Amino acid sequence: DPVLLGQRRSADAEAGQAQVRASFATQLETLIGTPDQNDSLSAQIVRLENSLIEASNRPDSDASLGATVNSAKNLAQKLNSISDEIQMARQNADLEIGSAINFLNDSLLQLENINKQMLIQRGTGGDVNAYLDQQQVVVDGIADLIPIREFRTENGQLRLYSQDGISLLDGTASQFEFSATRVIAPDMTLSSGALSDITRDGDPLPRNGSVAGLSGGRLGALFELRDESAIEAQTQLDAIARDLAERFEQPGVDATRAATDPGFFTDNGLLTSPTDEVGLAQRLTV
């Protein structure tokens, strides 16, 4: 039943998209932790605050001062590790996109070949049901990646398009190109040219949100993770790191510190800069 097939494939695409989104949200929640968890980000902040209070009450105590430094180091390392994992999530998404594009190209070529075999079979009066079954299996594999629309010509040839109207198979199979990036840093984005976009037969696709004309399925969600969700999470984490560093750089906090010297929290040993906030959580040190 073509209607039921279409509905099921649409649901497959939505499920693929939801799975990627939920997986990243769960990962982020695990990394940051909840307030009741001893190793959560908020718990580390509270621990530093308490150690500062203790040290201010006992400035002559080496133990109190040492505990404050250790609490600060643990907080910085927590921000470092969360940031590292966010970039790893972007990197893994990028690699998955590359694998998905390879799978899509192989599948489309397979569908094109089945179309040719069906045309020959029909020309000799043979039965094509086995070929139809093969095609449906291949199309099912694509449906998880991209929401698709399927058509048949008068002679039974399959035509396949994305829901955004991008031709996947129309006589000949489209070939999509994508270059995976092995290592991704916080400042590497699609708009900066550091990350790859998708092209079809050598031409860039029109963009629809975070995805180049192929939104709505697992593939679109991977682009969304790499180029939007993970970047937003990193931005929020960098804002925390920046706020933390600035609190210890305020005039009067440390009378021995020159204006150009780094504060208690540093950008890899240097004074933090509001113009270089991207990736600060990954570089924050005591």
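At what angle do the axes of helix H3 (residues 62-123) and helix H4 (residues 129-143) cross? This is a predicted model, in which local features need pLDDT of at least 70 and side-chain atom pairs count only at pLDDT 80 or more, while totals for chains, interfaces and linings use all residues. Residues are numbered from 1 along each chain as its sequence is written, and side-chain values use heavy atoms, without hydrogens and water.

**View 1. Packing of H3 and H4.** The two axes come within 10 Å and cross at roughly 165°. H3 and H4 are therefore roughly antiparallel to each other (angles over 145 degrees). Residues in the contact (heavy atoms within 4.5 Å) include Leu 104, Leu 108 and Leu 111 of H3 and Leu 132, Val 138 and Ile 142 of H4. The contact residues of H3 with H4 divide into 11 nonpolar, 8 polar and no charged.

**View 2. Strand E2 (residues 158-162).**

View 3. Ile 148 has Ser 162 as its bridge partner in E2. Between E2 and E3 lie 4 residues, and Gly 165 in this turn has a positive phi of about 90°.

Technical notes: Axes are lines fitted to C-alpha atoms, for helices over the stretch in contact, and angles run from 0 to 180 degrees between N-to-C directions. Helices (H or I, at least four residues) and strands (E, at least two) are DSSP runs, numbered from the N terminus. Angles under 35 degrees count as roughly parallel, over 145 as roughly antiparallel, 65 to 115 as roughly perpendicular and the rest as oblique. Ala, Val, Leu, Ile, Met, Phe, Trp, Tyr, Cys and Pro count as nonpolar, Asp, Glu, Lys and Arg as charged, and the others, Gly among them, as polar. Buried means under 20% relative accessible area, exposed over 50%, partly exposed in between (1.4 Å probe, protein chains only). Two strands pair if DSSP finds at least two bridges between them.
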